[in-house]
Amino acid sequence: MKKVGLIILIIVAIAIVTGLFLWFQPTSKVADGEADFQISIEALVNEGIETDDSLFNDKYVDKVIQFSGDVYSLNIGDSQSEIQLDPNTDETVIVRASFDPSQNSDLKKITEGDSVKCQCKFNGISIPRDPDDLLSEIIVTFSRCTIKK
Amino acid sequence: MASIFFIGAAFSQVYTSSEGSIRFVSKTDFEEFEAVNHQPSVAMSSNGKVQFRVPVNSFEFEKKLMQTHFQENYMESSKFPNAEFKGTIIEPDNFKLKDGKQEVKVKGIMEIHGVVKEIEATGTIKKTKNEVIMFGNFDILLSDYKINIPKNNINQISNTITIHLEAKLEPKKSKN
């Protein structure tokens, strides 16, 4: 009886510790590990335009994607940094890749016009719906990015 | 002469964001938390149109479990990856962007979680030579956007969420 009580106590303790670990586990700041997709921005945007929204979002949103582009602008900050990339597509597309400040040392080696490869979490595409939208470009957003060498 | 007047009246400069953030705060008697999004796309025109679009998955929480619940259970971000506002400055009347600081009220359509609703927000707009700094605040009710808080989370998550927007905008450039 005592042994059974001890085993139950150990199981409950493990469950509590696991629960606390999961509850307090911080959000990852970087999309590291293996990429789910390696795809050009042009292909991603074309698929976003041509495919049903739900299917496209289920496939790509929140996944880790590796892609390349030329640096259009670079903004290095203390709380967040961002690169805007020119994906060299026919459409007017803005690619926004945000980086945690832990990546600033890599970002400081980059200048506008450089060609870079990034690995990021994909947050989605916004495609303008009305001709009078002030935000008239297709905007592709990524976060938790790293520069891949 | 009349045609030049009409062309002048129709032209308005568009400003788009170079930096910005949207922060939302939930406060109950038991818990307070917030999340920040550094990727809103914000635009305004010199005659008072305002628009912003926010990728929902760019909201960052301290705790991973909260982030997962927010994206998957509450916002269903794979179905509705963006939230968007489109409106016009209603106060002051006949708004025109000018150097200095202006207190404004904006009215427009907010779309969150696939639901659209008319809202009003207050804010300030400060213009210097080539830059516009925008601050805005407003409250939303999650229930208005069919975002349901489970009964066992009612003490932790408020139905009223306060949203703070700040953005730095510059004249819109065309890509070469």
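In chain A of this predicted model, strand β5 (residues 115-126) and strand β6 (residues 138-148) pair in the antiparallel sense, and eight bridges join them. Within that pairing, A:Phe122 has A:Phe142 in β6(A) as its bridge partner. On its other pairing, β6(A) meets strand β4 (residues 93-99) of chain A, here in the parallel sense and over five bridges. A:Arg96 is bridged to A:Thr141 of β6(A). Strand β6 of chain A is also mostly covered, since nine of its eleven residues are buried.

Let me place these strands in the chain. Chain A contains four helices and six strands, and read from the N terminus its elements follow the order α-β-α-α-β-β-β-α-β-β. How does the radius of gyration of chain A stand against that of a compact globule of 149 residues? The globule would come near 15 Å, whereas chain A has 21 Å. Along the principal axes, the C-alpha atoms of chain A fill a box of roughly 75 × 40 × 25 Å. Of the 149 residues, 30% count as buried. As for contacts in chain A with a separation of 6 or more, 66% of them involve residues 24 or more positions apart.

A:Thr111 sits in the loop between α4 (104-107) and β5. Is A:Thr111 buried or exposed? A:Thr111 has 8 other C-beta atoms within 10 Å, and it is therefore exposed. Its C-alpha atom is separated by 20 Å from that of A:Ile41, a residue 70 positions away along the chain.

A word on confidence in chain A. The average pLDDT of chain A is 87, and 97% of the residues score at least 70. Among its elements, helix α1 (residues 2-24) has the lowest mean pLDDT, at 82, while strand β1 (residues 37-38) has the highest, at 95. Where pLDDT is low, predicted coordinates should not be read in detail.

I turn now to chain B and its strands. Strand β8 (residues 115-127) and strand β9 (residues 132-141) of chain B pair in the antiparallel sense over six bridges. Together, β8(B) and β9(B) make a hairpin, with four residues between them. B:Lys127 stands opposite B:Val132 of β9(B). A further antiparallel pairing, over ten bridges, links β9(B) to strand β10 (residues 160-171) of chain B. There, B:Phe135 has B:Glu166 in β10(B) as its bridge partner.

The backbone of chain B has some points that deserve attention. Most residues other than glycine have a negative phi, and most peptide bonds are trans. The peptide bond from B:Glu91 to B:Pro92, however, is cis, with omega near 0°. B:Pro92 belongs to the loop between β6 (82-91) and β7 (100-112) of chain B. B:Asn94 is also found in the loop between β6 and β7 of chain B, and although it is not a glycine, its phi is positive, about 50°. B:Asn94 counts as exposed because it has 7 C-beta neighbours inside 10 Å. Another positive phi, near 45°, occurs at B:Glu76, again a residue other than glycine. B:Glu76 lies in the loop between α2 and β6 of chain B. Why does B:Glu76 count as partly exposed? The reason is its 16 C-beta neighbours inside 10 Å.

Next, the contact between the chains. On the side of chain B, 28 residues are in contact with 27 residues of chain A. Four elements of chain B each supply at least two residues of the side that touches chain A: β1 (14-27), β3 (41-45), β4 (49-55) and α2 (64-74). By residue class, that side of chain B divides into seven nonpolar, twelve polar and nine charged residues.

Finally, the nonpolar core. Which residues touch the most other members of the largest nonpolar core, among its 58 residues? They are A:Ala97, A:Cys120, A:Val140 and B:Met44. Leaving aside residues up to four places away in sequence, B:Met44 touches A:Leu134 in chain A, and in chain B it touches B:Tyr15, B:Lys49, B:Val50, B:Val132, B:Met134 and B:Leu169. Among these, B:Val132 has already been mentioned as the residue opposite B:Lys127.

Conventions
Residues are numbered from 1 along each chain as its sequence is written. Chains are lettered from A and ligands numbered from 1 in the order in which they are written. This is a predicted model: local features need pLDDT of at least 70, side-chain atom pairs count only at pLDDT 80 or more; totals for chains, interfaces and linings use all residues. Two strands pair if DSSP finds at least two bridges between them. Two residues are in contact if their C-beta atoms, placed from the backbone, lie within 7 Å. Ala, Val, Leu, Ile, Met, Phe, Trp, Tyr, Cys and Pro count as nonpolar, Asp, Glu, Lys and Arg as charged, and the others, Gly among them, as polar. pLDDT is the predictor's confidence in each residue, from 0 to 100. A residue is buried if 20 or more other C-beta atoms lie within 10 Å of its own, exposed if 12 or fewer, and partly exposed in between; C-beta atoms are placed from the backbone. A nonpolar core is a set of buried Ala, Val, Leu, Ile, Met, Phe, Trp, Tyr and Cys residues joined through C-beta atoms within 7 Å. The radius of gyration is taken over C-alpha atoms; the globule rule is 2.2 Å times the number of residues to the power 0.38.
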